[in-house]
Amino acid sequence: MTTNRALRGPWETLRVEIEDSILLVELDRQERMNAISPTMLSELPMVWDLFEADDSLRVAVITGAGTRAFCSGADVGTVADRSRARTGVFERENRFTPLQAKVSKPTICAVNGVCAGGGLHFVADTDFTIAADTATFLDPHVSVGQVSAVETIVLARRMPHQAVMRMMLLGRDERVDAEHALRLGMVTEVVPAAELRGRAIELARIIAGNSPAAIAVSRACLWDALERPMHDAVRLAWPALRAHGDHHPDAQEGPRAFGEKRPPKWQR
């Protein structure tokens with residue numbers, strides 16, 4: 001498939017693999033602790049666009065290459081470069097994570113080491129995160145004179161506000177280990193480092209076995225609900241739920257397959 005060939009690269013700052021219907025994306029600047037560079041910022045949106053366009057791919061996993069770091073944030077040298085052409089327009093400059101790139105398919109973040117600053121974007125913007133027992137999380141923005149905003153704003157809607165505020169205010173001196181991140185709800189599971197990739201792919205395969213259409217509607221409703229009062233979110237989700245249940249073939253195929261004790265045949 002043309003899209004599959006394009007996804008495999010070559011990429012300068014990423015490693016991209018495909019396992020059946022699973023896309024595995026590794027941030028790969030190990031010499032810089034997988035820090036986000038301008039090249040990475042240009043390559044990631046291309047990967048997400050190709051993933052979104054490929055109907056054979058159902059779930060993406062993003063992790064870091066190596067064992068030391070998941071992502072140490074933005075490369076400080078490029079952040080300090082005032083010669084870069086910046087527009088200040090969010091939609092033009094922030095498409096490097098799945099949510100920002102408007103990916104409609106499930107995504108999993110697998111944090112394999114240090115996750116700092118801009119690396120928290122991936123934790124905030126994927127559907128859920130799992131972590132190696134060696135993972136640590138920190139937000140050093142204010143310690144290097146930068147504003148902490150986008151990733152912390154999203155995280156504050158998914159975990160205790162005070163915990164996010166504490167990370168932001170204490171900067172590089174507040175390091176949250178994997179077990180603490182689990183208690184805070186920042187991650188959903190902690191596994192031994194050697195098992196992280198395998199567990200992420202295992203979870204992705206389970207998700208890929210469910211109805212893609214039902215997942216797409218459910219996922220959209222849940223993300224949308226973060227921005228609304230509960231009653232409004234439920235009221236707006238109801239028509240989407242009913243439209244799927246009344247008209248989409250998967251809504252009939254699922255119960256039928258369950259009753260016949262066979263794997264369902266979902267519509268693509």
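Mentor: Let's start with a term: helices (H or I, at least four residues) and strands (E, at least two) are DSSP runs, numbered from the N terminus. The model here is predicted, so local features need pLDDT of at least 70 and side-chain atom pairs count only at pLDDT 80 or more, while totals for chains, interfaces and linings use all residues. Residues are numbered from 1 along each chain as its sequence is written, and side-chain values use heavy atoms, leaving out hydrogens and water.

Trainee: Which residues of H7 are buried?

Mentor: Buried means under 20% relative accessible area, exposed over 50%, and partly exposed in between (1.4 Å probe, protein chains only). In H7, residues 161-170, the buried ones are Ala-163, Val-164, Met-167 and Met-168. Down the axis of H7 these buried residues fall within an arc of 135°, so they line one face of the helix. The arc is taken from the directions that run from the helix axis to the C-beta atoms.

Trainee: Why would residues spaced like that point the same way?

Mentor: An α-helix has 3.6 residues a turn, so residues three or four places apart point the same way. On the other side of H7, Gln-162 and Leu-169 are exposed.

Trainee: What do the buried residues of H7 pack against?

Mentor: Their partners are helix H5 (120-125), strand S8 (136-138), helix H6 (150-155), strand S9 (176-177) and helix H8 (178-184). Contact here means heavy atoms within 4.5 Å.

Trainee: Now for strands. Where do the side chains of a regular strand go?

Mentor: They alternate between the two faces of the sheet. Take strand S3, residues 59-64: six of its six residues are buried, so the strand is largely enclosed by the rest of the structure. Val-59, Val-61 and Thr-63 are buried on one side of S3, and Ala-60, Ile-62 and Gly-64 on the other.

Trainee: Which strands pair with S3?

Mentor: Two strands pair if DSSP finds at least two bridges between them. Strand S2 (residues 22-27) pairs with S3 in the parallel sense over six bridges, and Leu-27 stands opposite Gly-64 in S3. S3 also pairs with S5 in the parallel sense, over four bridges. There, Val-61 stands opposite Ile-108 in S5.

Trainee: Is S5 buried or exposed?

Mentor: Five of the five residues of S5 are buried, so S5 is largely enclosed by the rest of the structure. Thr-107, Cys-109 and Val-111 are covered on one side, Ile-108 and Ala-110 on the other.

Trainee: Where can I go from S5?

Mentor: Step across to S7: four bridges join S5 (residues 107-111) to S7, and the two run parallel. Ile-108 stands opposite Phe-128 in S7. S7 covers residues 128-132 and has four of its five residues buried. Three bridges then join S7 to strand S10 (residues 189-191), again in parallel, with Ala-131 opposite Val-190 in S10.

Trainee: In what order do S4, S6, S8 and S9 form their sheet?

Mentor: The open sheet has the order S4-S6-S8-S9, with mixed pairing. Its edge strands are S4 (69-71) and S9, each pairing on one side only. Within the sheet, S6 (residues 114-116) and S8 pair in the parallel sense over three bridges, and Val-114 has Thr-136 in S8 as its bridge partner.

Trainee: What is the volume of the second largest pocket?

Mentor: Rolling a probe the size of a water molecule over the atoms shows where empty space is left. The second largest pocket has a volume of about 600 Å³. Of the 20 residues that line it, the closest to its centre are Leu-99, Gln-100, Asp-125, Trp-223 and Glu-227. A pocket is an open set of points on a 1 Å grid over the protein atoms alone, where a 1.4 Å probe fits, with protein on both sides within 12 Å along at least five of seven lines; lining residues have an atom within 4 Å of a point. Grid points are joined across faces, edges and corners, and a volume is the space filled by probe spheres set on the points.

Trainee: Which helix gives the largest share of the lining of the second largest pocket?

Mentor: H10 does, with five residues.
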